[in-house]
Amino acid sequence: MKPSAFEYRSPTTLAEAVSLLQSGNGNAKVISGGQSLMPMLAFRLAVPELLVDLKHIPDLNVIRIGDDGVHLGAKVRWCDITSDHRLVRAHPLLAEAITHVAHYQIRNRGTVGGSLAHADPSAEMPGIALACDAQMIIMGSTGTRVEKASAFFTGPLQTTLEPDEILTEVHLPAWPAARRWAFEEFARRKGDFAMAGVALFYDLDSDGRAVDAHIGAIGVSDCPIRLGAAEAALNGSAIDEKTIAAVAATARSEISPPSDIHAPAAYRRALVGTLLARGLKRSVR
Amino acid sequence: MRVRNSYIGQPMERTEDMRLLRGRGTYVADVNRPDQLYAVILRSSVAHGKINTIDTSRATQLPGVRHILISADLGVVVPKIPLRLQPLPQLEPFHQPMLADGKVRYVGEPIAVVLADTPSIAEDALDHIDLDIETLPAITSREQAEAMPAVLFEDHGSNAAITWKAFKGDADAAFASADYTRRETFKVQRHAAMFMEPRGFVAEWNSDAGKLTVWGAAKTAWYNRRVLAAALDLEVNAIELIEVDVGGGFGSRGEFYPEDYLIPAAAKLVGRPVKWTEDRREHMMTANHARDIECDVEIAVSRDGRFLGLRGLAWADIGAYIRTNGSVGPRNVAQYMSGPYTFENIDLKTTMLTTNKTPSGTYRGPGRFETDFIRERLIDLVAKDLKIDRVELRRRNLVADSQMPYPLASITPYDSSTELDSGDYHAVFDLCMKEFGWAEKSKLSGKLIDGYYHGLAVGSFIEGGAAGPSEDARLVLETDGSLSVYLGSSSVGQGLETIMAQIAADATELPYEKITVNHGSTSHVKNGHGAYHSRSTVMGGSAILLAAEKLKDSIREAAAARFGCAAGDVTIDGEQVACAGKTLALAGLSDVPLEVEASFFNKKYTWAYGTQAAHIAVDPGTGHVKVIDYLSVEDVGRIINPLTLHGQAIGSIVQGLGGAFLEHLVYDENGQLLTGSFADYLMPTASDFPNIRSITLELKPCPNNPLGTKGAGEGGLIPVGGIMANAIADALSHLNVQPMELPLSPARIWQLVEDAEAIRAVA
Amino acid sequence: MQIEFELNGADVGANVEARTSLADCLRDNLGKTGTHLGCEHGVCGACTVLVNGEAVRACLMLAVQANGEKVVTIEGLSGDDLSPLQASFRKHHALQCGFCTPGFITTAHALLTSEPDADEERIRDVLSGNLCRCTGYVPIVEAVLDARKFYAGQKEKA
């Protein structure tokens with residue numbers, strides 16, 4: 001399982017990196033942590049002619065927390081998120097979700113940008129980005145653009161990134177301290193890709209009813225999805241047993257999950273409902 | 001006479017650890033020979049097809065590609081892999097050719113061997129080989145094998161290779177008159193040994209000396225050497241197979257595979273050393289698969305809970321060819337279903353079906369994991385029907401010590417019979433119940449606590465070991481007084497160097513530190529057999545005992561020559577010899593090393609046995625199962641090293657849990673292997689099963705070998721599937737959930753709960 | 001491509017293809033065969049090495065990415081005698097075939113160096129990224145727990 005041959009460059013600026021990608025004519029790929037790309041190279045599922053390493057490009061590994069929310073540089077690693085204790089308050093949903101990612105050695109190399117660009121339908125980071133209305137900051141040959149997460153993920157392992165574009169940062173909007181949230185996933189073993197996962201949050205109005213509910217699901221479609229009907233069922237309701245059951249039922253009926261060797265569709269469908277119900281129960285503090 | 005040494009029974013720390021812990025082991029991938037080429041194998045990506053053409057011309061033009069071997073290079077007739085075990089003539093049509101010969105029958109079947117300057121270049125070359133394969137319908141299930149839209153072996157005319165029959169007493173009569181019978185269908189999934197070190201070989205042909213050297217031997221080097229010699233038309237003595245450090249075998253590594261021939265053949269053909277290591281994806285489609293069976297079986301029981309008989313049919317999906325020991329698992333399913341319980345009437349047949357999947361072979365406790373799942377499930381079902389406590393039902397039917405030797409079912413063809421040798425099955429059963437705390441824990445059966453339903457189960461098992469026919473040991477007393485031990489036994493990580501040194505130290509009364517154990521390579525002894533069927537301690541150890549006696553005779557004779565007295569008057573006391581008041585040290589006693597060789601012959605299996613109990617909890621919403629406590633108690637007759645034995649017991653249990661819950665080799669309807677990496681073939685990890693306990697006992701020594709020990713190390717996993725399924729049934733008894741199929745994946749458990757709730761809703 | 005990095009405290013160089021993994025470079029170019037390849041797709045952990053003190057899978061890193069970095073392999077964690085961690089593995093019989101062992105030693109060393117108080121759950125969690133087929137993990141966890149005392153009071157990265 002040796003990769004096919006490729007050229008390798010490690011430029012020192014983003015502009016140079018973009019230029020190199022352009023020169024690849026669609027046969028160049030970005031590498032940073034390599035935790036998703038290297039296995040694909042090993043299996044020859046990816047056969048690029050050029051790898052452009054972000055290793056020497058400065059400032060992409062910063063976690064910036066401000067009034068406008070959390071900014072994660074593309075090279076921020078999972079271990080960086082876990083060791084930055086500010087995030088437990090600044091974005092508890094992110095902090096919790098990331099504890100489920102992979103294993104120790106992978107967490108020392110795997111990056112936020114890599115996970116988002118790779119867009120595995122079962123990965124936590126794309127799910128969080130989507131659920132939280134994140135914005136992706138992307139640099140390419142035509143300049144910098146900002147894309148909403150809801151438009152960014154287009155299919156299994158597919159995003160709107162052009163061959164000459166690099167995701168440089170993801171911006172998660174500010175997180176109110178009183179927000180209610182939960183993250184629930186179920187995998188065969190700890191650290192495995194989730195068979196299904198739910199990332200949810202909502203705020204409470206003065207009557208204690210949910211508003212602005214966001215429910216993202218991973219592992220149940222080609223890419224992470226928002227459960228719009230379930231959100232609608234949650235909004236305006238108190239978080240009681242009746243609501244939880246109704247929201248879970250709605251979620252189950254609005255999805256069309258795939259079947260694979262680990263989980264048939266019917267099981268995944270039920271699992272989403274179960275995880276959502278448990279998450280909602282947990283969110284009530 | 002004063003006993004000088006008693007290393008047997010001591011938890012000696014292992015000598016092998018000194019190098020293995022520091023990364024100084026030598027595994028075959030660490031072996032390099034000057035001027036070597038690297039081999040990569042072109043394998044079929046089609047499950048069933050006729051090879052029309054192979055065109056390697058584009059590939060040979062790649063810089064760095066030196067040669068591409070195809071079947072035409074192997075001679076007029078492509079050699080085939082013979083059967084090492086149960087080599088019946090009627091199985092010859094199913095032998096695998098070393099390279100696909102006109103037809104491919106499974107994804108992964110070798111078609112060509114590329115030799116290049118680097119492994120990367122060799123792998124690059126694969127894409128440049130043009131293959132024209134006309135696909136045929138793929139047989140991927142029992143239904144298809146029987147319906148026969150295609151036949152793997154046209155001359156044979158069907159996809160059923162052979163049917164093994166286990167028989168005892170008169171099953172039909174027993175069933176006709178039984179108070180109660182129950183019939184069920186069970187399935188166990190295809191999974192595999194999956195050792196951590198991928199296979200590999202380094203082969204070197206010295207044309208001047210006419211000698212072939214191959215590194216990477218394991219398990220059965222002497223047999224493999226004979227096969228290789230015949231296939232290459234060389235004298236046996238022209239070949240040396242060298243065993244280096246081996247990263248696990250579990251019954252799968254070391255059997256003769258196509259690569260055992262292809263790599264040496266390539267080296268001989270091109271006149272340069274050739275190195276090959278498989279990668280994990282390759283391993284999953286080439287190393288023996290195991291355990292794939294379906295079984296339609298019934299049990300007959302008297303009203304008061306005495307087991308009367310077992311009758312039924314099993315179908316083993318054995319893949320595309322029958323390889324060296326492909327019959328063992330299927331036979332064992334039939335022969336050992338009775339386990340440690342008395343069954344006087346047995347009629348069980350296993351049919352081996354060929355399918356377009358990777359061929360099967362033995363994996364730890366072959367056939368036994370499967371058959372124990374079936375039997376222990378049946379016992380719990382019987383207990384429920386007859387309203388007899390399932391603990392009591394088992395006690396009532398365990399073979400008693402007074403009934404030993406107790407014959408098991410006989411098998412035909414390749415007739416064999418065996419009997420349980422010794423044991424107090426009831427004592428071990430009761431000890432397990434006590435240590436486990438069954439009485440207290442059973443109060444939790446079926447209880448819902450924090451969203452989990454709790455369940456318990458118990459099961460007993462037998463573990464066969466010490467397959468014959470013989471094993472060799474050679475002892476060399478070096479001139480410096482140290483002892484070199486050479487064994488036909490092979491190491492697969494079980495601590496052979498340490499255990500055999502313990503046995504040798506006690507037998508020769510020489511200091512443990514002065515003993516070195518060498519194993520597995522064909523130059524070591526004349527006729528080795530190797531490591532399989534948990535035989536090394538019994539067979540290799542007993543051979544050492546015999547050799548030690550011979551060595552003492554040699555020492556006495558050498559001393560007599562020096563002393564000028566009769567050999568019978570010489571006494572040996574540790575590192576000294578004495579006669580008539582004079583003493584000499586063993587070091588320097590003779591000018592040349594004193595060398596003896598001995599063979600231990602054995603026809604009787606040993607039977608270690610035990611009982612396991614488990615406490616689990618199930619989350620019906622997700623199907624997740626927590627193993628809260630798992631206890632195994634096993635009697636092995638005599639323990640040589642409790643540290644290593646305990647280690648093997650725990651390791652085996654965890655493999656069993658992998659088989660019960662996680663591991664599954666899955667094919668699609670086109671014969672494509674969907675689980676081709678560790679991302680999809682799920683193995684137990686450190687966080688999955690933390691609560692495993694094991695107790696090993698020396699209750700009833702084995703009467704059939706001088707050590708009194710029984711082969712052990714496979715046993716742990718044998719009853720695990722049945723116990724886990726029974727525990728889940730116990731936990732979900734309010735729904736009457738009855739698992740009949742492994743693995744017990746979350747999705748399967750969830751589905752069982754769904755189906756049961758649906759039934760309850762309309763009831 | 002010519003690369004240079006620090007290996008087990010010494011400066012080394014190697015000429016590799018861009019596609020050569022760090023694992024293959026260590027094993028084939030630099031003779032450090034203690035790092036083992038069990039899967040080459042980043043799951044089994046047998047290839048674990050330390051890069052700048054952090055445990056990483058050497059099969060998921062290109063050799064060229066190690067240029068200028070500090071790499072430590074099992075050989076760099078081993079001396080004439082067994083280290084306290086290695087001795088603990090031996091005492092608890094935490095290895096059988098030994099193939100996964102360098103990966104476990106390296107990972108455990110990295111863990112205990114930065115978290116000498118790691119409890120059993122944390123140890124199991126971290127070690128869940130390394131596969132062992134022989135031991136069933138129980139003795140490995142016991143060995144790592146028992147080795148913590150040798151790391152207490154040394155809270156800096158290796």
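How many residue pairs are in polar contact between chain A and chain B? The count is 10 residue pairs, both residues being at pLDDT 80 or more. A polar contact here is a pair of N or O atoms within 3.5 Å; within protein, one must be able to donate a hydrogen and the other to accept it, and residues adjacent in sequence count only if both atoms are side-chain atoms.

Before going on, a word on the model. This is a predicted model, where local features need pLDDT of at least 70, side-chain atom pairs count only at pLDDT 80 or more, and totals for chains, interfaces and linings use all residues. Residues are numbered from 1 along each chain as its sequence is written, chains are lettered from A and ligands numbered from 1 in the order in which they are written, and side-chain values use heavy atoms, with hydrogens and water left out.

**Where chain A meets chain B**

Chain A brings 22 residues to the contact and chain B brings 31 residues, with contact meaning heavy atoms within 4.5 Å. About 2,100 Å² is buried between the two chains, and carbon and sulfur atoms give 60% of that. Buried area is the accessible area (1.4 Å probe) that two parts lose on being put together, summed over both. On the chain A side, Met1(A), Arg188(A) and Arg189(A) lose the most area to chain B, together 31% of what that side buries.

There are also three salt bridges between chain A and chain B. A salt bridge is a side-chain nitrogen of Lys or Arg within 4 Å of a carboxyl oxygen of Asp or Glu. Take Arg44(A) and Asp124(B), which form a salt bridge with their closest N and O atoms 2.8 Å apart. Helix H12 (residues 265-283) of chain A gives the most to the side that touches chain B, with six residues. Helices (H or I, at least four residues) and strands (E, at least two) are DSSP runs, numbered from the N terminus.

Now zoom in on Thr274(A), which sits in helix H12 of chain A. Leaving out residues up to four places away in sequence, Thr274(A) touches Arg252(A) and Gly621(B). Is Thr274(A) buried or exposed? Its relative accessible area is 18%, so Thr274(A) is buried; buried means under 20% relative accessible area, exposed over 50%, and partly exposed in between (1.4 Å probe, protein chains only).

| Peptide bond | Omega |
|---|---|
| Met404(B) to Pro405(B) | near -5 degrees |
| Leu742(B) to Pro743(B) | near 0 degrees |

Pro405(B) is in the loop between helix H11 (390-397) and strand S18 (406-407), while Pro743(B) is in the loop between helix H17 (720-731) and helix H18 (746-762).

Lys219(B) isn't a glycine, yet its phi is positive, near 60 degrees. Lys219(B) counts as buried because its relative accessibility is 3%. Asp450(B) isn't a glycine either, and has a positive phi of about 55 degrees. With a relative accessible area of 75%, Asp450(B) is exposed.

**Two domains in chain C**

Chain C is divided into domain 1 (2-77) and domain 2 (84-157), with bounds that come from an automatic or database domain assignment. Their C-alpha centres lie 21 Å apart. Between them, about 1,200 Å² is buried, with carbon and sulfur atoms giving 65%. The salt bridge count between these domains is zero, but four residue pairs are in polar contact (both at pLDDT 80 or more).
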